[in-house]
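Subject: Structure for you to look at

Hello,

Here is the structure I promised to pass on. Please open it first, then read the notes below with it on the screen.

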Amino acid sequence: MINSRKIEDLHPIVAAKCRDFLARCKGFGIDVLVTSTYRDKESQAALYAQGRTTSGARVTNAKAGESWHNWRVAFDVVPLRSGKPVWGTSGTDGELWEQMGRIGEACGLEWAGRWHSFRELAHFQFTGGLTLADFRAGRTLGGVAVQ
Ligand SMILES: [Zn+2]
């Protein structure tokens with residue numbers, strides 16, 4: 001099972017955007033930790049089982065192949081304050097997430113903090129207009145296949 005937090009495990013186009021995003025955040029004085037990049041389908045299936053057929057809280061609604069992480073085009077982050085992850089989402093914590101989200105959008109990333117269903121402040125992705133069905137059918141960003 002692979003559940004990576006390495007930027008180089010992302011599709012090269014998305015990896016470049018992720019690095020740009022991290023550099024711009026740093027420019028604004030925001031340190032960001034990447035907590036998840038690529039997950040293989042086995043790892044996604046185990047995550048989906050959590051809180052359903054195995055113990056723990058439900059953490060995802062995506063089955064294997066249904067998460068953008070499975071296609072190397074999404075990553076999750078958390079902002080740091082004095083080196084510690086900021087998990088709060090209200091007050092100044094919420095403002096920090098919002099600022100980080102705007103920086104990501106300026107890098108051409110889609111920020112799941114804007115989503116109305118399954119809003120997820122930690123999640124950024126770049127799909128190049130492709131759908132999950134496109135990825136499943138073998139289409140890839142920029143014609144570059146990464147397996
Ligand atoms: Zn995510």
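This is a predicted model: local features need pLDDT of at least 70, side-chain atom pairs count only at pLDDT 80 or more; totals for chains, interfaces and linings use all residues.

A residue is called buried when its relative accessible area is under 20%, and exposed when that value is over 50%.

Let me begin with helix α3, which covers residues 91-106. It has 16 residues, and the distance from its first C-alpha to its last is 23 Å, close to the 22 Å expected at 1.5 Å a residue. Which residues of α3 are buried? They are D93, G94, L96, W97, M100, G101, I103 and G104. After α3 comes G108, with a positive phi near 85 degrees.

The protein as a whole

The protein has 4 helices and 5 strands. Read from the N terminus, their order is α-β-α-β-β-α-β-β-α. The C-alpha trace spans about 40 × 40 × 25 Å along its principal axes. For 147 residues, a compact globule would have a radius of gyration near 15 Å, and the protein agrees with this because its own value is 15 Å. Of the 147 residues, 43% count as buried. Among contacts with a separation of 6 or more, 59% are between residues 24 or more positions apart. The accessible surface comes to about 7900 Å², and carbon and sulfur atoms account for 52% of it.

The zinc ion

Which protein residues are donors of the zinc ion? They are H69, through NE2, D76, through OD, and H123, through ND1, and they lie 2.0 Å from the ion. Along the sequence, the donor residues follow the spacing H-x6-D-x46-H. D76 is in strand β2 (residues 74-81) and H123 is in strand β5 (residues 123-125), so this pair, 47 residues apart, links distant parts of the chain. D76 is buried because its relative accessibility is 7%. H123 is buried as well, with a relative accessible area of 4%.

Around H69

S67 sits in the loop between α2 (41-49) and β2. Its relative accessible area is 6%, so S67 is buried. A polar atom of the S67 side chain lies 3.0 Å from the backbone nitrogen of H69, and H69 is one of the zinc donors. Leaving aside neighbours within four places in sequence, S67 is in contact with R39, Q44, A62 and L132.

T37 is in the loop between β1 and α2. Is T37 buried or exposed? It is buried, because its relative accessible area is 0%. Not counting residues up to four places away in sequence, T37 touches S4, R5, K6, I7, D9, L10, H69, A74 and F75. The side chain of T37 also reaches the backbone oxygen of K6 at 2.9 Å. T37 and I7 are 30 residues apart along the chain, and their C-alpha atoms are separated by 6.6 Å.

A histidine before α1

H11 is in the segment before α1. With a relative accessibility of 4%, H11 counts as buried. Its side chain reaches the backbone oxygen of L141 at 3.2 Å.

Loop residues with positive phi

R72 is not a glycine, yet it has a positive phi of about 65 degrees. R72 lies in the loop between α2 and β2 and counts as buried at 10% relative accessibility. S82 is not a glycine either, and its phi is positive, about 50 degrees. S82 is in the loop between β2 and β3. At 77% relative accessibility, S82 counts as exposed.

The loop between β2 and β3 (84-85) also holds G83. G83 is exposed, because its relative accessible area is 61%. The C-alpha atoms of G83 and L33 are separated by 9.4 Å, and the two residues are 50 residues apart along the chain.

Regards

Terms used:
Residues are numbered from 1 along each chain as its sequence is written. Side-chain values use heavy atoms; hydrogens and water are left out. Donors are N, O and S atoms within 2.8 Å of the metal (3.2 Å for Na, K and Ca); water is not among the atoms, so sites may look incomplete. Helices (H or I, at least four residues) and strands (E, at least two) are DSSP runs, numbered from the N terminus. Buried means under 20% relative accessible area, exposed over 50%, partly exposed in between (1.4 Å probe, protein chains only). The expected span of a helix is 1.5 Å times one less than its number of residues. A polar contact is a pair of N or O atoms within 3.5 Å; within protein, one must be able to donate a hydrogen and the other to accept it, and residues adjacent in sequence count only if both atoms are side-chain atoms. The radius of gyration is taken over C-alpha atoms; the globule rule is 2.2 Å times the number of residues to the power 0.38. Contact means heavy atoms within 4.5 Å. Accessible areas come from the Shrake-Rupley method with a 1.4 Å probe; for residues, only the protein chains shown count as cover.
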